[in-house]
Amino acid sequence: MADKKLRLKVATPAGFAVDQDCDMIIMRCTDGDMGVLPGHQASSVILDHGVLRLIDDGVEYKLAVMGGVGEVERDVMTILTPSALWPHEIDAAMARSEKEDAERRLEQKLDEHEERRNKALLARALVHVEVSTHVVAQVDRDV
């Protein structure tokens, strides 16, 4: 039996970061993680800063996505996001430095606005660190 695929399109202001078929998508939404398989019910979601995981033919790929919206319809998942980066597009040393800087600033007594800003910067840096260190991995299909 041929496996049915799901089309993933990730659009940013700079163009399409992804336009390919895959077996499964796992994304970070504002209310938790969501997985999408071919045949998924039509739905819309709001994305949080997080790692978008694509699984295709038993191989997992990761993409850093900085929020946005997603829509599933007829075996097509479309994501509109301000930023989507593959591991090779992220400077791992810079991401670690930004993480450390944000953590240091959060230890200080800051006003509410600065605290929210630094939490957002830390969230972005954590996603960049995770994705920048990702090595394409084989996924156990029985799980």
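The structure is a predicted model, in which local features need pLDDT of at least 70 and side-chain atom pairs count only at pLDDT 80 or more, while totals for chains, interfaces and linings use all residues. Residues are numbered from 1 along each chain as its sequence is written, and side-chain values use heavy atoms, with hydrogens and water left out.

**The chain as a whole**

The protein chain has 2 helices and 9 strands; helices (H or I, at least four residues) and strands (E, at least two) are DSSP runs, numbered from the N terminus. In sequence order the pattern is β-β-β-β-β-β-β-β-α-α-β. The C-alpha trace spans about 60 × 30 × 30 Å along its principal axes. Of the 143 residues, 36% are buried, where buried means under 20% relative accessible area, exposed over 50%, and partly exposed in between (1.4 Å probe, protein chains only). Among contacts (heavy atoms within 4.5 Å) with a separation of 6 or more, 55% join residues 24 or more positions apart.

**Helix H2**

Helix H2 covers residues 112–132, and its 21 residues reach 30 Å from first C-alpha to last, close to the 30 Å expected at 1.5 Å a residue. That expected span is 1.5 Å times one less than the number of residues. The buried residues of H2 include Leu-122, Ala-125 and Val-129. Those buried residues pack against strand E5 (43–56), strand E6 (59–73), strand E8 and helix H1 (92–106). At the start of H2, a side-chain oxygen of Asp-111 comes to within 3.1 Å of the backbone nitrogen of His-113.

**Two residues**

Thr-81 sits in the loop between strand E7 (76–80) and strand E8 (84–85), whereas Glu-71 belongs to strand E6. Their relative accessible areas are listed here.

| Residue | Relative accessible area | State |
|---|---|---|
| Thr-81 | 5% | buried |
| Glu-71 | 40% | partly exposed |

A polar atom of the Thr-81 side chain lies 2.6 Å from the backbone oxygen of Gly-67. Leaving aside residues up to four places away in sequence, Thr-81 touches Val-10, Ala-11, Thr-12, Pro-13, Val-65, Met-66, Gly-67 and Gly-68.

With the same exclusion of residues up to four places away, Glu-71 touches Ser-43, Ser-44, Val-76, Met-77 and Thr-78. Glu-71 and Ser-44 are 27 residues apart in sequence, yet their C-alpha atoms are 4.3 Å apart in space.

Conventions:
A polar contact is a pair of N or O atoms within 3.5 Å; within protein, one must be able to donate a hydrogen and the other to accept it, and residues adjacent in sequence count only if both atoms are side-chain atoms.
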